[in-house]
Amino acid sequence: MPEHEHDDHEREFDLRWADDAEHKEPSARARMLAARWKENPPGPQPFRADPEPAAPRRSSWVSTAIVLGSVAAIILLLGYAQFRAPY
């Protein structure tokens with residue numbers, strides 16, 4: 001049997017042996033959640049919970065008014081600065 005076939009056979013045996021193990025160690029994430037939930041268990045959740053409502057959106061006219069007001073203020077400020085500037 002060539003060397004790489006022997007390694008493949010051993011790897012397959014090792015994987016089968018690990019899969020057939022009686023006790024499997026939980027993943028790091030599972031251990032972390034178990035420790036966190038032991039101290040502070042999560043509340044019951046419905047199977048498909050609705051996402052939390054997003055903050056109400058500003059209407060488009062309010063956003064437009066804010067932008068136009070800012071632009072007008074900048075234009076007036078620049079015009080006043082040039083009017084006051086000595087020649």
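R31 is partly exposed, with a relative accessible area of 41%, in what is a predicted model of the protein chain. E25 is itself exposed, with a relative accessible area of 64%. In general, side chains of opposite charge can pair when their charged atoms come close. By the rule applied here, the count for the model comes to one salt bridge.

With regard to the overall architecture, the protein chain has three helices and zero strands, and its elements run α-α-α from the N terminus on. Buried residues make up 1% of the 87 residues in the chain, while the accessible surface comes to about 9200 Å², of which 61% belongs to carbon and sulfur atoms.

Helix α3, which covers residues 60-84 and includes V67, has 25 residues and reaches 36 Å from its first C-alpha to its last, close to the 36 Å expected at 1.5 Å a residue. This helix is hardly covered, in that the count of buried residues among its 25 residues is zero. On the surface, V67, V71 and I75 form a nonpolar patch, with about 270 Å² of accessible area together. In an α-helix there are 3.6 residues a turn, so residues three or four places apart point the same way.

As to the confidence of the prediction, the mean pLDDT of the protein chain is 80, and 84% of its residues reach 70 or more. Within the chain, confidence is highest in helix α2 (residues 28-39), at a mean of 91, and lowest in helix α1 (residues 3-19), where the mean is 68.

Conventions: Residues are numbered from 1 along each chain as its sequence is written. Side-chain values use heavy atoms; hydrogens and water are left out. Helices (H or I, at least four residues) and strands (E, at least two) are DSSP runs, numbered from the N terminus. Buried means under 20% relative accessible area, exposed over 50%, partly exposed in between (1.4 Å probe, protein chains only). Accessible areas come from the Shrake-Rupley method with a 1.4 Å probe; for residues, only the protein chains shown count as cover. A salt bridge is a side-chain nitrogen of Lys or Arg within 4 Å of a carboxyl oxygen of Asp or Glu. Patches are made of residues with over 30% relative accessible area and no salt bridge: like charges are joined within 9 Å, nonpolar side chains (Val, Leu, Ile, Met, Phe, Trp, Tyr) within 5 Å. The expected span of a helix is 1.5 Å times one less than its number of residues. pLDDT is the predictor's confidence in each residue, from 0 to 100.
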